[in-house]
Amino acid sequence: FAPVSDQNDYGARNKKTLTTGSITPGKSYVPSGLTAAQYDKIRKEQEAAKAANYQRNVAKAGKFLDYTDFYKKRGTDIGQDWIKSVTRGHT
C-alpha cells in the first residue's frame with residue numbers, strides 16, 4: 001500500500017476512475033421490451049442513485065455516539081443497581 005496509502009479508506013471510491021460501460025445499439029445487451037436509449041437512461045439513473053447513496057454513507061463515516069455520559073447518568077458505570085429499578089434503566 002506504499003504508493004497509494006489511502007486506497008482502502010472509506011470514500012476512496014471517488015478518487016478511482018470507475019465507470020459504467022456504454023450501451024452500443026446492436027452490440028450491447030438490451031433487455032427485451034426496451035430500446036438501447038431507454039436502457040442507457042435506466043442505467044444512468046441507477047448509477048446516480050448508487051453514487052448518492054455512497055455519498056450519504058461517506059458523510060456518516062467515522063461518526064458515532066459516545067454513550068459514556070448516558071451510562072454515568074444511569075449509574076451503570078459503577079454498579080448494577082439500575083437492573084433492579086422499575087424501569088430497568090429505561091427512561
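**Figure 1. Two residues one helical turn apart: Asp-40 and Lys-44.** Because Asp-40 and Lys-44 stand four residues apart in helix α1, about one helical turn separates them; helices here are DSSP runs of H or I with at least four residues, strands are DSSP runs of E with at least two, and both are numbered from the N terminus. This is a predicted model, in which local features need pLDDT of at least 70 and side-chain atom pairs count only at pLDDT 80 or more, while totals for chains, interfaces and linings use all residues. Residues are numbered from 1 along each chain as its sequence is written, and side-chain values use heavy atoms, with hydrogens and water left out. The side chains of Asp-40 and Lys-44 meet in a salt bridge of 3.5 Å, N to O, a term that stands for a side-chain nitrogen of Lys or Arg within 4 Å of a carboxyl oxygen of Asp or Glu. Lys-44 is exposed, with a relative accessible area of 52%; the classes are buried under 20%, exposed over 50% and partly exposed in between, computed with a 1.4 Å probe on protein chains only.

**Figure 2. The salt bridge between Lys-41 and Glu-45.** A search of the whole structure finds two salt bridges, and in this one the side chains of Lys-41 and Glu-45 meet at 3.8 Å, N to O. Both residues lie in helix α1, four residues apart, which is about one turn of the helix. Lys-41 is exposed, at a relative accessible area of 54%, whereas Glu-45 has 45% relative accessibility and counts as partly exposed.

**Figure 3. The aromatic pair of Tyr-29 and Tyr-39.** A search of the whole structure finds one aromatic pair, where rings of Phe, Tyr and Trp (its six-membered ring) pair if their centres lie within 6.5 Å, and planes under 30 degrees apart count as stacked, over 60 as edge-to-face and the rest as tilted. The ring centres of Tyr-29 and Tyr-39 are 6.3 Å apart and the ring planes stand at 90°, so this pair is edge-to-face. It links distant parts of the chain, since Tyr-29 belongs to the segment before α1 and Tyr-39 to helix α1, ten residues apart. Tyr-29 is exposed, with a relative accessible area of 59%, while Tyr-39 is buried, with a value of 17%.

Figure 4. At 13% relative accessibility, Ile-23 counts as buried. When its neighbours within four places in sequence are left aside, Ile-23 is in contact (heavy atoms within 4.5 Å) with Ser-28, Tyr-29, Val-30, Ala-36, Tyr-39, Asp-40 and Arg-43. Between the C-alpha atoms of Ile-23 and Lys-41 there are 9.9 Å in space, although the two residues are 18 apart in sequence. Gly-26 also has its place in the segment before α1 (36–60), but Gly-26 counts as exposed, at 84% relative accessibility. The C-alpha atoms of Gly-26 and Ala-36, ten residues apart along the chain, are separated by 8.4 Å.

**Figure 5. Asn-14 and its contacts with Tyr-54 and Gln-55.** Asn-14 lies in the segment before α1 and counts as partly exposed, at 48% relative accessibility. Leaving aside its neighbours within four places in sequence, Asn-14 is in contact with Tyr-54 and Gln-55. Asn-14 and Gln-55 are 41 residues apart in sequence, yet their C-alpha atoms are 9.1 Å apart in space.

**Figure 6. The lining of the largest pocket.** The largest pocket is lined by 13 residues, of which Arg-13, Leu-18, Thr-20, Glu-47 and Lys-50 lie nearest its centre. By class, three lining residues are nonpolar, five are polar and five are charged; Ala, Val, Leu, Ile, Met, Phe, Trp, Tyr, Cys and Pro count as nonpolar, Asp, Glu, Lys and Arg as charged, and the others, Gly among them, as polar. A pocket is an open set of points on a 1 Å grid over the protein atoms alone, where a 1.4 Å probe fits, with protein on both sides within 12 Å along at least five of seven lines, and lining residues have an atom within 4 Å of a point.
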